[in-house]
Amino acid sequence: MAKKEMEVVKGLDLERYMGRWYEIASFPSFFQPKDSVNTRATYTLNKDGTVHVLNETYSGGKRVSIEGTAYKADPESDEAKLKVKFYLPPFLPIIPITGNYWVLYIDPDYKVALIGEPTRKFLWILSRETHIDDEIYNEYVQKAVEEGYDVKKLHKTPQVDPPPEGGAQDKGIWWIKSLFGK
């Protein structure tokens with residue numbers, strides 16, 4: 001039986017969505033170190049309407065990051081279907097990698113969001129705070145189930161309070177290591 005088309009947020013207020021989001025949980029992915037902690041994303045609206053994306057995580061005590069750009073997949077649509085483009089690795093040769101970033105659900109206060117994409121291979125629960133109540137977490141997990149996700153793959157991301165700032169930078173190498181599972 002074919003899975004139903006995912007429902008996405010309509011009329012997302014991009015300006016309200018900007019700022020820092022902490023990863024509460026996600027499906028583990030090949031492009032993120034296995035020992036990642038304190039993972040977060042910071043979104044900044046560019047003058048041309050695109051979004052600057054800064055993804056950061058801490059692995060082995062070092063801060064690792066990658067930057068990219070997000071933009072609406074269809075500028076005429078009111079659906080929160082974005083494309084995100086990263087350049088991997090962040091040194092030569094530069095290879096653009098583009099992925100889907102669909103806002104499946106967000107609370108009215110823009111404090112917690114459920115992010116997915118059409119293949120259902122990636123899923124994130126993001127929050128403005130480093131932790132959310134179990135009740136809210138379970139509500140978002142249930143929404144993911146309703147959208148056809150296998151939530152057994154969902155992995156909670158360790159976050160410390162207060163979140164770390166800065167730290168030694170390990171830019172780029174981890175992307176290569178992660179591709180080869182090292």
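Guide: Helices (H or I, at least four residues) and strands (E, at least two) are DSSP runs, numbered from the N terminus. The model is predicted.

Visitor: In what order do the elements of the protein run from the N terminus on?

Guide: The protein has three helices and nine strands. Read from the N terminus on, the order of these elements is α-β-β-β-β-β-β-β-β-α-β-α.

Visitor: What share of the residues scores a pLDDT of at least 70?

Guide: pLDDT is the predictor's confidence in each residue, from 0 to 100. The average for the protein is 87, and the share of residues that score at least 70 is 84%.

Visitor: What percentage of the contacts with a separation of 6 or more comes from residues 24 or more positions apart?

Guide: A contact here means heavy atoms within 4.5 Å. Among contacts in the protein with a separation of 6 or more, residues 24 or more positions apart account for 55%.

Visitor: What percentage of the residues is buried?

Guide: The protein exposes about 10,200 Å², and carbon and sulfur atoms supply 56% of that area. A residue counts as buried under 20% relative accessible area. Of the 182 residues in the protein, the buried ones make up 43%.

Visitor: How much space lies in the largest cavity?

Guide: Rolling a probe the size of a water molecule over the atoms shows where empty space is left. The count comes to one cavity of 30 Å³ or more. The space in the largest cavity is about 50 Å³.

Visitor: Which elements each supply at least two residues of the lining of the largest cavity?

Guide: The lining consists of L14, Y17, M18, Y43, V51, A70, L82, V84 and Y101. By class, this lining has nine nonpolar, no polar and no charged residues. The elements that each supply at least two of the lining residues are α1 (14-17) and β5 (81-88).

Visitor: Is W102 buried or exposed?

Guide: W102 has its place in strand β6. Contacts of W102, not counting residues up to four places away in sequence, include E5, M6, V8, A80, L82, L114 and I115. The C-alpha atoms of W102 and E79 are separated by 8.6 Å, although the two are 23 residues apart along the chain. Because the relative accessibility of W102 is 9%, W102 counts as buried.

Visitor: How far apart in space are F122 and L154, C-alpha to C-alpha?

Guide: F122 has its place in the loop between β7 (112-116) and β8 (123-127). Its relative accessible area is 22%, so F122 is partly exposed. F122 and L154 are 32 residues apart in sequence, and their C-alpha separation is 9.5 Å.

Visitor: What is the positive phi of N38, which is not a glycine?

Guide: N38 is found in strand β2 (residues 37-45). N38 is buried, with a relative accessible area of 7%. P158, found in the loop between β9 and α3, touches S36, V37 and N38. The phi of N38 is about 55°.

Visitor: Where is Y110 found?

Guide: Y110 is not a glycine, yet has a positive phi of about 60°. At 9% relative accessibility, Y110 counts as buried. Y110 is found in the loop between β6 and β7.

Visitor: What is the omega of the cis peptide bond from D161 to P162?

Guide: P162 lies in the loop between β9 (155-156) and α3 (173-179). The peptide bond from D161 to P162 is cis, with omega near -5°.

Conventions
Residues numbered from 1 in each chain as written. Predicted model: local features only at pLDDT ≥ 70, side-chain atom pairs only at ≥ 80, totals over all residues. Heavy atoms only, no water. 1 Å grid on protein atoms, 1.4 Å probe; cavity = no way out; pocket = protein on both sides within 12 Å on 5 of 7 lines; lining within 4 Å. Points joined across faces, edges and corners; volume = space filled by probe spheres on them. Nonpolar A, V, L, I, M, F, W, Y, C, P; charged D, E, K, R; others polar. Buried < 20%, exposed > 50% of the residue type's maximum accessible area, 1.4 Å probe, protein only. Areas by Shrake-Rupley, 256 points an atom, 1.4 Å probe, with all protein chains shown as cover.
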